[in-house]
Amino acid sequence: MPEDRRARQRTGAGVGLLLTLALAAVLLTALPKDHDREGGGACGARAVRSWSADARLTDSFAAYGDDATRSDDWTGGDGTHSVRLPDGRVLWLFSDTYLGQVHGPPNPVGESYVWRDTTAPLVRNSAVVMRDGHPQFTLPAPLFPDPGPNEWRWPVAARVEPRSPGSAESVVRVLLWTRTAGAYPWIYGVPTATEVATLSLPDLRVESIAKVFDQQLVQDPSRRVQFGTTLVAVGGWTYVFGGNDAQAAARPTSSAYAARVPEGRLGEPGAWEYWDGSAWTARAGPRAVLGDGRHTGVGSAFSVLRDGGTYVLFTMAAGSRGLTTVTSYWACSPVGPWHGPARGFSPPLPAGQVAAYNPQVHPALRGDGRIVLSYDVNWLDPTATSAAWNLSRNVSLYRPRFVTLRLGAPSR
């Protein structure tokens with residue numbers, strides 16, 4: 001679906017002051033290193049220098065979804081995210097997902113497409129386990145239950161981290177966007193909160209779900225921020241990026257925001273710090289790190305990776321090109337300043353009234369200088385029933401597609 005697309009006491013002089021300074025020095029050496037003011041020779045401009053369609057990965061998900069021997073697993077979905085598990089498996093997370101069985105061609109109107117019945121189950125989230133480059137099975141879906149009536153959870157970025165700081169036991173933390181059903185233009189739900197789920201290893205059982213960033217008191221839904229569209233782990237911190245849904249309010253671009261959490265504490269609301277424009281603060285009042293609302297900014301779902309000392313952000317382009325074109329920005333720190341947008345590229349799209357969205361990089365699949373990026377595809381139709389019909393008559397539409405790209409200095 002389109003995207004629609006949400007931080008310390010005064011002391012006296014003399015001995016007291018010396019003790020305070022000594023204690024501060026100890027604490028500073030114990031804290032993770034800041035990476036919000038990076039620079040120097042390790043950071044340089046980055047842009048996409050070359051790209052190509054990754055048919056192997058695209059076809060792997062297509063073959064899994066087309067397997068008619070299965071009747072209760074993934075046959076298509078969007079919101080594509082991934083995380084590599086300690087045993088080598090890759091966990092793929094999806095938002096809205098079709099389950100059920102598919103049927104070979106021809107479809108009910110005589111077209112040569114694999115299709116599904118329009119009564120096939122649609123759930124708000126799912127998870128698929130991949131091994132050796134191929135999807136193997138779907139976990140019972142939905143993996144994350146609805147928080148309440150007319151509310152649902154969409155999984156976004158995830159990482160494997162210690163259960164607690166310094167722990168030898170690892171768990172999977174999954175960022176979740178909670179949405180609430182709403183009227184137009186919020187046909188894909190009103191942003192409500194950001195949560196973090198903890199999954200056990202190796203069995204991937206949901207142990208707990210904690211609300212880390214509540215936005216219900218923000219009156220304007222288009223200014224509500226949801227964190228977790230992407231994250232980057234650097235120097236003992238997990239930098240978590242988020243965005244608002246300004247595009248639902250008919251503004252060309254949304255804005256990007258940044259938070260950070262010490263490693264092992266993603267599920268603790270009190271451990272989160274937000275960038276307020278000049279410093280990290282525990283107060284939940286973040287300021288945008290990218291986006292002027294017109295020419296620069298992001299889609300509500302975007303992705304960030306770190307290439308050497310440079311942070312690179314991928315998003316759909318502003319304006320009408322946002323239906324077809326992926327562009328990028330670069331910065332020497334997670335809070336910017338961000339430079340761009342760079343010249344974009346338009347990955348392959350199937351025939352029909354379709355759009356690309358949610359470009360996501362997959363570090364779990366990165367290697368040999370190559371970066372794997374996925375994008376989702378949906379049918380453009382203001383009528384939900386018509387869009388659902390088109391996604392069912394040709395099940396290949398509503399599935400992730402992949403490209404492989406290489407970064408370098410921008411061409412002049």
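**Figure 1. Thr310 sits in strand β19.** This is a predicted model: local features need pLDDT of at least 70, side-chain atom pairs count only at pLDDT 80 or more, and totals for chains, interfaces and linings use all residues. Residues are numbered from 1 along each chain as its sequence is written, and side-chain values use heavy atoms, with hydrogens and water left out. Strands are DSSP runs of E with at least two residues, helices are runs of H or I with at least four, and both are numbered from the N terminus. Strand β19 covers residues 310–316. Is Thr310 buried or exposed? Thr310 is buried, because its relative accessible area is 0%. (Buried means under 20% relative accessible area, exposed over 50%, and partly exposed in between, with a 1.4 Å probe and protein chains only.) A polar atom of the Thr310 side chain lies 2.8 Å from the backbone oxygen of Gly44. (A polar contact is a pair of N or O atoms within 3.5 Å; within protein, one must be able to donate a hydrogen and the other to accept it, and residues adjacent in sequence count only if both atoms are side-chain atoms.) Neighbours within four places in sequence aside, Thr310 is in contact with Ala42, Cys43, Gly44, Arg46, Leu305, Trp330 and Ala331. (Contact means heavy atoms within 4.5 Å.)

**Figure 2. Four strands make an open sheet: 4 strands in the order β1-β23-β22-β21.** The pairing is antiparallel. (Two strands pair if DSSP finds at least two bridges between them.) Which strands are at the edges? They are β1 (47–53) and β21 (354–361), and each pairs on one side only. From one strand to the next, the twist averages 35°. β1 pairs with β23 (residues 401–408) in the antiparallel sense, over 6 bridges. Ser52 stands opposite Thr404 in β23. Helix α2 (residues 55–66) lies across β1, β22 (371–379) and β23. Helix α2 runs at about 155° to β23. (Axes are lines fitted to C-alpha atoms, for helices over the stretch in contact; angles run from 0 to 180 degrees between N-to-C directions.)

**Figure 3. The largest nonpolar core has 23 residues.** (A nonpolar core is a set of buried Ala, Val, Leu, Ile, Met, Phe, Trp, Tyr and Cys residues joined through side-chain atoms within 4.5 Å.) In soluble globular proteins, nonpolar side chains tend to be buried together. Which residues have the most contacts inside this core? They are Leu305, Phe314, Leu405 and Leu407. At least two residues of the core come from each of β19, β21, β22 and β23. β22 gives the largest share, 5 residues. Beyond four places in sequence, Leu405 touches Val48, Ser50, Trp51, Phe314, Phe345, Gly369, Arg370, Ile371 and Leu373.

**Figure 4. Thr281 lies in strand β17, residues 280–281.** Thr281 is buried, because its relative accessible area is 4%. Its side chain reaches the backbone nitrogen of Arg283 at 3.1 Å. Thr281 and Arg260 are 21 residues apart in sequence. In space they are 9.7 Å apart, C-alpha to C-alpha.

**Figure 5. Another open sheet has 3 strands, in the order β2-β5-β6.** The pairing is antiparallel. β2 (76–77) and β6 (122–123) stand at the edges. Each has a single partner strand, so one side of each is left without a neighbour in the sheet. Strand β5 (residues 97–98) pairs with β6 over 2 bridges. Tyr98 stands opposite Leu122 in β6.

Figure 6. Most residues other than glycine have a negative phi, and most peptide bonds are trans. The bond from Ala141 to Pro142 is cis, with omega near 0°. Pro142 is in the loop between β8 (134–138) and β9 (151–162). A cis bond also joins Tyr184 and Pro185, with omega about 10°. Pro185 is in the loop between β10 (170–180) and β11 (190–199). Asn150, in the loop between β8 and β9, has a positive phi near 60°. Asn150 counts as exposed, because its relative accessibility is 57%. Leu204 lies in the loop between β11 and β12 (206–214). Leu204 has a positive phi of about 60°. Is Leu204 buried or exposed? At 5% relative accessibility, Leu204 counts as buried.

Note on methods:
Pairing = 2+ DSSP bridges.
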